[in-house]
Amino acid sequence: MEYYNYIKSLHLIFVITWFAGLFYIVRLFVYHIEANGKPSPEKEILIKQYKLMSYRLWYIITWPSAVLATVFAVTLLFLMPDWLQQPWMHVKLTFVALLFLYHFKCHSIFKQLQNDKVKYTTSFMRLWNEGATIILFAVVFLVILKSAVNWIFGVVGIIVFSILLMLGYKFYKRIREKNQS
């Protein structure tokens, strides 16, 4: 199985680019939603640019990365079928299913914004962005520790960190609003 490490490397590369796409697309959603509050013609110029950037990111990087990461993952499982008997892999595959649900929801939001339908706030999008982070932490801890339980400590840590980030953001927002008054 000399090619095993090549397949594993390709899987990891496409997982990284998939997550990069998911992290960045939600940032673009935030900017796109914020652009709706700008005056004309700035609003139209920004929205046109964010639509183009989102389109390219989504269809040239994020979707292909998701597909290729999945193809290489299935190949790895085919080469190492015993992994499917391990409890940590069951938990990991659950998080992968959650990642796909997250991806599909991002696709739905992407389509809405492409059609000029804004259904979410920037605050929601900032929180939504933490979903991919939590999934990433869980999967990395599962793969490295190969434990169906120990990953919980890493995920709890990132949730606490996320809460602190959100509180910091709210504090910064209040200071910024006071300074603008």
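1. I begin with K51, which counts as buried because its relative accessibility is 17%, buried meaning under 20% relative accessible area, exposed over 50% and partly exposed in between, with a 1.4 Å probe and protein chains only. K51 forms a salt bridge with D116, and the closest N and O atoms are 2.7 Å apart; a salt bridge here is a side-chain nitrogen of Lys or Arg within 4 Å of a carboxyl oxygen of Asp or Glu. The pair ties together distant parts of the chain, 65 residues apart, with K51 in helix 2 and D116 in the loop between helix 3 and helix 4.

2. On the basis of the note: this is a predicted model, in which local features need pLDDT of at least 70 and side-chain atom pairs count only at pLDDT 80 or more, while totals for chains, interfaces and linings use all residues. Residues are numbered from 1 along each chain as its sequence is written, and side-chain values use heavy atoms, with hydrogens and water left out.

3. The chain has a mean pLDDT of 91, with 98% of its residues at 70 or more. Helix 2 has the highest confidence in the chain, at a mean of 98, whereas helix 5 (residues 151-180) has the lowest, at 80.

4. The chain contains five helices and zero strands, where helices (H or I, at least four residues) and strands (E, at least two) are DSSP runs numbered from the N terminus. The C-alpha atoms fill a box of roughly 60 × 35 × 25 Å along the principal axes, and buried residues make up 36% of the 181 residues. Among contacts in the chain with a separation of 6 or more, 78% are between residues 24 or more positions apart, a contact meaning heavy atoms within 4.5 Å.

5. A cis peptide bond, with omega about 0 degrees, joins S40 and P41. P41 lies in the loop between helix 1 (4-35) and helix 2 (42-79). As background to this point and the previous one, most residues other than glycine have a negative phi, and most peptide bonds are trans.

6. The whole structure contains two salt bridges. Besides the pair in point 1, the side chains of R126 and E34 meet at 3.1 Å, N to O; R126 belongs to helix 4 and E34 to helix 1, 92 residues apart. R126 counts as buried at 13% relative accessibility, while E34 is partly exposed at 35%.

7. The largest pocket has a volume of about 690 Å³. Of its 28 lining residues, the closest to its centre are H11, V15, K92, V139 and V143, and the elements giving two or more residues to the lining are helix 1, helix 2, helix 3 and helix 4. On a 1 Å grid over the protein atoms alone, a pocket is an open set of points where a 1.4 Å probe fits, with protein on both sides within 12 Å along at least five of seven lines, and lining residues have an atom within 4 Å of a point; the volume is the space filled by probe spheres set on the points.

Key. pLDDT is the predictor's confidence in each residue, from 0 to 100.
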